[in-house]
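Student: Could you walk me through how to read the features of a protein model, starting with how residues face each other across paired strands?

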Amino acid sequence: IITGDPSGQPRVIRMGQQPEKEIAYELIESDDNLYITAEIPADIQSAAYANISPDVVYLVVNEQKTRVDLPCTVDIIHSHYQLRHGVLDVILKKKKNLQKEAL
């Protein structure tokens, strides 16, 4: 869990309105990394995972995908995810000297 509160207490930030089938997540950015944290429901039927690409991450739970658009390009080789105790943590390494192109 990533803390963003000055008191050091964990908090969850909901990113806009999300349909019931999508997974609630928080996205935090540091100088070198992006962090995505998502609560995974207890009643999953298959292993939850993150499908990481340079400009988008899909959180996949029970074969349903939640799209997370990234604010910058990431290095997929040095990025990873971990599922522990019902929390999916995704750590994405930012690519140096590359800014995401405006669409």
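Tutor: Happy to. Strands of a sheet pair through backbone hydrogen bonds, either parallel or antiparallel. Here, Val57 stands opposite Val68 in strand 5. Strands are DSSP runs of E with at least two residues, while helices are runs of H or I with at least four; both are numbered from the N terminus. Two strands pair if DSSP finds at least two bridges between them.

Student: What should I know about the source of these coordinates?

Tutor: This is a predicted model, where local features need pLDDT of at least 70, side-chain atom pairs count only at pLDDT 80 or more, and totals for chains, interfaces and linings use all residues. Residues are numbered from 1 along each chain as its sequence is written, and side-chain values use heavy atoms, with hydrogens and water left out.

Student: Over how many bridges do strand 4 and strand 5 pair?

Tutor: Strand 4, residues 56–61, pairs with strand 5 in the antiparallel sense over 6 bridges. Val56, for example, faces Asp69 of strand 5. The two strands form a hairpin with 2 residues between them, and Asn62 in the turn has a positive phi of about 50°.

Student: And what joins strand 3 to strand 4?

Tutor: There are 4 bridges between them, and the strands run antiparallel. Tyr49 stands opposite Val60 in strand 4. This pair also makes a hairpin, with 3 residues between the strands.

Student: In what order do the strands of this sheet lie?

Tutor: The order is 3-4-5, in an open sheet of 3 strands with antiparallel pairing.

Student: Is strand 4 mostly covered or uncovered?

Tutor: Mostly covered: 5 of the 6 residues in strand 4 are buried. Buried means under 20% relative accessible area, exposed over 50%, and partly exposed in between, using a 1.4 Å probe and protein chains only. Across the protein, buried residues make up 29% of the 103 residues. Glu26, found in strand 1 (residues 25–29), counts as buried because its relative accessibility is 4%.

Student: Which residues have the most contacts inside the largest nonpolar core?

Tutor: In soluble globular proteins, nonpolar side chains tend to be buried together. A nonpolar core is a set of buried Ala, Val, Leu, Ile, Met, Phe, Trp, Tyr and Cys residues joined through side-chain atoms within 4.5 Å. The largest one here has 19 residues, and those with the most contacts inside it are Ile36, Val57, Leu59, Val68, Leu70, Val90 and Leu92. Strand 2 (33–39), strand 3, strand 4 and strand 7 (87–94) each supply at least two residues of this core.

Student: Where does Lys65 lie relative to Tyr58?

Tutor: Lys65 lies over the face of Tyr58, at 5.5 Å from the ring centre. A charge sits over a ring if NZ of Lys or CZ of Arg is within 6 Å of the ring centre and within 35 degrees of the ring normal.
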